[in-house]
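Welcome! Please take a look at the sequence and the 3D view below, and then we can walk through a few parts together.

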Amino acid sequence: MSKIKKHKITIIGSGLVGMTLALKIASQGINVLLIDKVSDNNLLNIKDSRTSAISQGSARILSELGLWEQIKKECQPILDIIVTEGLSNNKIFFQSSELDEGPLGYIVNNKFLKEFIYRNVKKSKNIQFIQNSTLKKIKSNPFYVELTTNKARIHTSLVVGADGRFSNTRSLANLKYFYHDYRQCAYVFNICHKREHQSKALERFFPSGPLAILPMKKKKSKNLSSVVWTIKNFNSNSQRIFEQNFKQEFMNKYGDFFGSVLKIEKPAKYNLNVFSCYEPFKNRVVLVGDANQAIHPIAGQGLNLGFRDSKILADVIIEAQSLGFDIGSEIVLNKYLRKRYIDKNLLFQATHSLNDLFSSENLFLQNIRKAGLRIFNRSALLKKQSMMFAMGLRNFEI
């Protein structure tokens, strides 16, 4: 193996959160090493038909990096969100016109977003990217961390794990976490429908799980939406029957919302679970994004939570560097913990509890849900505050 290489900051994982973190730090003239097991070719030729929901707050984070104006051209704004209990008329109507903050959020194609941000990473003179590199070992001491990969040994002041829900960094650093299997799966696919969506998103809650229909940018004059459909896991025989009747089952819950469905793309299936670290750092290793907290997709907030992680950690690192502090010290990383603690835990608890509440078939809870939706929809204050929080424009720090 080659001689030891020294770096100040090493980020493991070139997903959207890791790359935006690298760009933010590098924008201040600080050198960053980015490591990932994937290759340059994989990142520039992504096969992914899924979409990402970007909140208004995340759009502003990307704007600070000079990326948003180009990304925005490929985005579909969400102006209104309708939330219903099943197919009933009992609903909450969120409208961006009730605030003065722009759209509630945006839907963008994953393939475009990842490739665009990666191309900006490659342009940066302050980011070094090592591809096809797998982290094998982490060894910490009071002054630096020694990383062993399949390619090199690296000494670094700070390691950032941005390597996703099943983070190898988290495992090697022995960072403890809470885990829960929802015994649900999400089917993610796109549909083409007859009527225009008019920038509206729909979320319907059923005991079997929520159905979200998110507006997409028109393509070749076709009206498109992205679907995230959560259902309870079946036994193998029931699963087979469900998948044979997939289109009809979906149509029953879709309810002709945007007119007849002209095409349904082949769905991708994901098992749903949650990871939440008790503390996001230990011995000069810190976690961001899904490596730190991977939440239920019920509100489409996972990526936005990660973007806020990347912004706050970058701000903390840049400030510490300018003051001459050790960026890997507990004093510095505790500041990141304090700034992210409430936001992370509030969203984790909210999505976890919402899924439990709306998945329950208990008659008492059904009545509570119905009454709660009516009260919520009539309260302008509750709606405005919840919209501001979901848009990432309410930051809670300690």
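A residue is called buried when its relative accessible area is under 20%, exposed when over 50%, and partly exposed in between (1.4 Å probe, protein chains only). This is a predicted model, in which local features need pLDDT of at least 70, side-chain atom pairs count only at pLDDT 80 or more, and totals for chains, interfaces and linings use all residues. Residues are numbered from 1 along each chain as its sequence is written, and side-chain values use heavy atoms, leaving out hydrogens and water.

Let us start with a sheet. Helices (H or I, at least four residues) and strands (E, at least two) are DSSP runs numbered from the N terminus, and two strands pair if DSSP finds at least two bridges between them. Here, 3 strands form an open sheet in the order 3-7-4, with antiparallel pairing. Strand 3 (51–55) and strand 4 (76–78) are at the edges with a single partner strand each, so one side of each has no neighbour in the sheet.

| Strand pair | Bridges |
|---|---|
| Strand 3 and strand 7 (residues 105–109) | 5 bridges, antiparallel |
| Strand 4 and strand 7 | 3 bridges, antiparallel |

Within strand 7, Asn109 is the bridge partner of Thr51, Tyr106 stands opposite Ile54, and Ile107 stands opposite Gln76. Strand 7 is largely enclosed by the rest of the structure, because 4 of its 5 residues are buried.

Now for a loop. Ser133 is found between strand 8 (127–130) and strand 9 (135–140), and this residue counts as buried because its relative accessibility is 4%. Leaving aside neighbours within four places in sequence, Ser133 is in contact (heavy atoms within 4.5 Å) with Ile35, Asp36, Lys37, Thr149, Asn150 and Lys151.
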